Amino acid sequence: MKIKEFGVEIWMNEYENSCIYNLAETCVESLTVEQLLDMSGKKDCIIDELLPMKLTYGAIEGSDRLRDNVTTLYHNQKRSNILITHGAIGANALIHETLIEPGDRVVSVLPTYQQHYSIPESYGADVQVLKLKEENQFLPDLEQLQKLTTQNTRLITINNPNNPTGALMDESLLKRIVDIARACDAYILCDEVYRGTDAEGNGFTASIADLYEKGISTASMSKSFSLAGLRLGWIAAPEELIEKVCIHRDYNTISVGMLNDHFACIALECRDAILQRSRDICQTNRAVLDAWVKNEPLITYVKPTSGTIALLKYDLDMSSRDFCVRLLESKGVMFTPGSVLEMEGYVRIGYANNPQVLKEGLKKVSEFLAEISH
């Protein structure tokens, strides 16, 4: 099996540890263990919970406690619909591995997380790309989606909220996508790793797993929950698909760590506090980013309505990689070049980190833009 290099991950690996202002980070500012335990009220008793634990493999599919906690993020899911994975990246890979065979049609939006088109392509699938366009607020054109789906369409993959644009499909739009999928009996995989950070309402748009009998939701503790270090994600899907995924999962996962499972339970049991913190950070920092964009003549964007990231368009005659490398070397600020997202002419910013880092980093970007435009 041959597969394309994972552009974003290679970029992050190369530069993430050498920057001063990391504006490429896509998680809401990570919690410390102390912050998590303070929020949960567990600080005084956590050692008593951990010391008796025997560090075996633990529950293979995820503990009952954890899977029950995950169901609280959905409306129509039971424990048997939930499978715990090694991050959302593991969840996505397992779905593609389980469902896709050579010749299957897969329709993927672009831009999105590269897994959703490069993995099925590596399996010999007929991958069709639905390009998200700035003039449509980076939302999918449903007429075009309809044209790309055929009777042998196995899977439609979407990402909501979208990475890297921060665009959000509301329940009405998702239901129209469901109608298209149902007409050709296709599954829909929706990568919902940024769910919970919507600018409006309670922060949670509808999940595809609750809207469609062949809907698959993948998510994790990394982005909205600020706990990427747990490396813990999940699949919410129909029971018969979960059973098929388990066959593949036995070959590459066995179980997630018991400590990861335990701390994810603690976090989900105080999820209201964690997600309120995340939404507060996102709202505050979106306003900072929006004000900065309005004052930068060389930068435009479609304002994100959810998530932790945005796609910035720059008016300069240079590649996105050159832009990002020069910015990093001269000012210590790290963006992600659009080229690794197949969106040349743009850069991706992660704006949900420490507010002071964002403000200082954007100030440095302004200095850089002023220097290279004269």
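Between domain 1 and domain 2 the count is 1 salt bridge, the term standing for a side-chain nitrogen of Lys or Arg within 4 Å of a carboxyl oxygen of Asp or Glu. The side chains that form a salt bridge here belong to Lys313 and Glu134, at 3.8 Å from N to O. The model is predicted, so local features need pLDDT of at least 70 and side-chain atom pairs count only at pLDDT 80 or more, while totals for chains, interfaces and linings use all residues. Residues are numbered from 1 along each chain as its sequence is written, and side-chain values use heavy atoms, with hydrogens and water left out.

**Domains and contact**
- Domain 1 covers 7-32 + 272-368 and domain 2 covers 55-270, with bounds that come from an automatic or database domain assignment.
- The contact (heavy atoms within 4.5 Å) takes 34 residues from domain 1 and 34 residues from domain 2.
- About 2800 Å² is buried between the two domains, 55% of it on carbon and sulfur atoms, where buried area is the accessible area (1.4 Å probe) that two parts lose on being put together, summed over both.

**Polar contacts and the domain 1 side**
- Across the interface, 27 residue pairs are in polar contact, both residues at pLDDT 80 or more; the term is a pair of N or O atoms within 3.5 Å, where within protein one must be able to donate a hydrogen and the other to accept it, and residues adjacent in sequence count only if both atoms are side-chain atoms.
- On the side of domain 1 that touches domain 2, the residues divide into 16 nonpolar, 9 polar and 9 charged, with Ala, Val, Leu, Ile, Met, Phe, Trp, Tyr, Cys and Pro counted as nonpolar, Asp, Glu, Lys and Arg as charged, and the others, Gly among them, as polar.
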